[in-house]
Amino acid sequence: MASISLVNVIKRYGRGAQANQVIHGVNAEIADGEFIVIVGPSGCGKSTLLRMVAGLEEVTAGQISIGGRVVNDVEPSDRDIAMVFQNYALYPHMSVYDNMAYGLKIARVPKAEIDERVQKAARILELQTFLQRTPRQLSGGQRQRVAMGRAIVRQPQAFLFDEPLSNLDAKLRAQTRLEIQKLHRELGVTSLFVTHDQVEAMTLAQRMIVMNAGRMEQIGTPEQVYGQPASTFVASFIGSPPMNLLPGQADGSRFACPGDSAPLVLPCAAPRAGALTLGVRPEHLEINPEGHWPLAVEAVEMLGAERLVHGQLGGVLCTLRIDATLPAPAVGQRLHLSAPPEHLHWFDAGSGLRVAA
Amino acid sequence: MSGMVERRASLDLLAHVVMVLAVLIVAFPLYLAFVASTHTAQDIVQAPMPLWPGDQLWANYSAALSGHGGGAGSNAPVGRMIWVSLVTALVITFGKISVSLLSAFALVYFRFPLRGLVFWSIFVTLMLPVEVRILPTYKVVADLNLLNSYAGLTVPLIASATATFLFRQFFLTVPEEMVEAARIDGAGPMRFFIDILVPLSRTSIAALFVIQFIYGWNQYLWPLLATTSEDMYPVVVGIKRMIAGGDSGNEWNIVMATAVLAMLPPAAVVVLMQRWFVKGLVDTEK
């Protein structure tokens, strides 16, 4: 097991004027045994970053080390990592057993030891009865487990997961998520897990890296990322429905939104005057007859345990989340809202970066 | 609905009539060849020609196989000719498959200078039949002293644009992740080729085996040029050489026995490999 460190990692495709830079200097220190999820929208460079750690993509500049050893120019097979691919990439003509044993055979591990490791992995993943089948005879979930088994038998320093749950149906995905968590608890291997799914990210991560357009927007525990998003991107990407973001001009405890005639009255003073974006999560907006924020209800969605109420606030469409046991507001009704001061987030209007309250 | 059924029945009938006719058209000459191979030479040239098998089967076939026919043309033993054909066809088949597999592997998985040019020159030769280059090829083979040798019979026919192209297209469908998984497993290029690509291509290989074996077996023009000695005739050329021109008496019974014998190996290959052949043409096993 090992720590992984990324120092100013840059990836460029092509050369000279046509060069297309897709990763713009990522820095991260991943501790031994940590489970890190890299999350971001498609095309943000998260898979590229993972593939650079795996050695499948060249590092244009910067440094990647695994267990203190710089691996920029080390072949993937010599990096002591194992990777689980989105489409599993099992060898279709080999049995489950051979799929798991193949890497060890190449590494000339003695037969008895190969057998022992494969049987052990099969036991952990409950694949014992499938060892002689070919991947075609397995379901998606079983194939996924074989792909994990192939990673486990290598006993690597790090596991790299490239969206391994995307091809599973929702129920199986939830179940496999728990299995991966359990596996990580048992094996304690440093893991990098790439996903575009924020639920996967939140549930699996010890720390998560949120990426956007080739940049690392934030690294932190799920609580930090959700509770103190570092930018408007993180605020709107993590959380469903996303955080309400209201652009406007702050002046003391008044906040003038462009679409509204009267400025919003804040429960506390804004951190500074000028152009800011105010963020507040849907669950932190409260219906309060004394509230200073008027919201014209445009739609109500019933989700079972809660309702989502959508309406215009400060000239933008905002959402609040209320308990389903409360009476449902009618469309067209005007609600008065308030939000506790500790749950207001402030972002710079230009850079989108968080402004400390 | 009964109208539907009736129409179906008549369509079925029509289809069967067409199929039976087609089978007759294809099978009757074969049957006639077989009948001819079971009579004496005199019986065959009578009019009308006999339509039922005669009693000379054993005599004719053993004469053909050992070369004791008394015809005006070549009397080379068919046993030897079939052997030459078999070796030639197998060398061409295995040669073509291995050369094409390797060149497709190089084209798809390696970046080398002029790769595009190489691919396009292979692709363009798809459009050129052997006959176009037959004179220069003959010159080269003759200068290398390869006439009347297995090498001369096979080497010029081994390079195959079609097979290379077919394998290239197949390799392109192998998911990139599988290549990467193999890289992480530590498989080098040749290891990947042998352990993964070749087994994955096995149905295509089987289909090509059938096609190329028949192609090699049925070669006529090239062996006609490249062989002058009787003991290097493939059977297809041998049949031709048995038939003397003009009015000279041909032992048609022996010629037909040879023709029937010449049909057996390719027929056996098709029958035995049929399942694989169809599979190779219809499904892409990944």
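In this predicted model, A:Leu6 has A:Ile64 of strand β4(A) as its bridge partner. The two strands behind that pairing are β1, residues 4-13 of chain A, and β4, residues 61-66 of chain A. They run antiparallel and are joined by five bridges.

Strand β1(A) has another partner as well, namely β2, which covers residues 20-30 of chain A. Here the pairing is again in the antiparallel sense, this time over eight bridges. Within it, A:Lys11 sits opposite A:Ile23 of β2(A). Together β1(A) and β2(A) make a hairpin with six residues between the strands. One residue to look for in this hairpin is A:Gly14, whose phi is positive, near 80°.

Next comes the place where the chains touch. Chain A brings 16 residues into contact with 16 residues of chain B. On the chain A side, the elements giving two or more residues are β6 (81-84) and α2 (96-106). Of these, α2(A) gives the most, with three residues. Sorted by class, this side of chain A has 12 nonpolar and four polar residues, and no charged ones.

Over in chain B, helix α3 spans residues 57-66, and its buried residues include B:Asn60, B:Ala63 and B:Ala64. Looking down the axis of α3(B), the buried residues fall within an arc of 100°, so they line one face of the helix. The face turned away from that buried side carries B:Trp58 and B:Ser62, both of them exposed. Just after α3(B) comes B:Gly67, which takes a positive phi of about 85°.

Chain B also has a pair of packed helices worth a look. Two packed helices are described by the angle between their axes and the distance between the axes. For α4 (residues 78-109) and α7 (residues 150-158) of chain B, the angle is about 35° and the axes are 9 Å apart. The way α4(B) passes α7(B) is a right-handed crossing.

Which residues in α4(B) and α7(B) meet? From α4(B) come B:Val87, B:Thr88, B:Val91, B:Ile92, B:Gly95, B:Lys96 and B:Val99. Facing them from α7(B) are B:Tyr150, B:Leu153, B:Thr154, B:Leu157 and B:Ile158. By class, this contact of α4(B) with α7(B) has eight nonpolar residues, three polar ones and one charged one.

Definitions and conventions: Residues are numbered from 1 along each chain as its sequence is written. Chains are lettered from A and ligands numbered from 1 in the order in which they are written. This is a predicted model: local features need pLDDT of at least 70, side-chain atom pairs count only at pLDDT 80 or more; totals for chains, interfaces and linings use all residues. Axes are lines fitted to C-alpha atoms, for helices over the stretch in contact, and angles run from 0 to 180 degrees between N-to-C directions. Helices (H or I, at least four residues) and strands (E, at least two) are DSSP runs, numbered from the N terminus. A crossing is left-handed if the near helix is turned anticlockwise from the far one by less than a right angle, and right-handed if clockwise. Two residues are in contact if their C-beta atoms, placed from the backbone, lie within 7 Å. Ala, Val, Leu, Ile, Met, Phe, Trp, Tyr, Cys and Pro count as nonpolar, Asp, Glu, Lys and Arg as charged, and the others, Gly among them, as polar. Two strands pair if DSSP finds at least two bridges between them. A residue is buried if 20 or more other C-beta atoms lie within 10 Å of its own, exposed if 12 or fewer, and partly exposed in between; C-beta atoms are placed from the backbone. The arc is that of the directions from the helix axis to the C-beta atoms.
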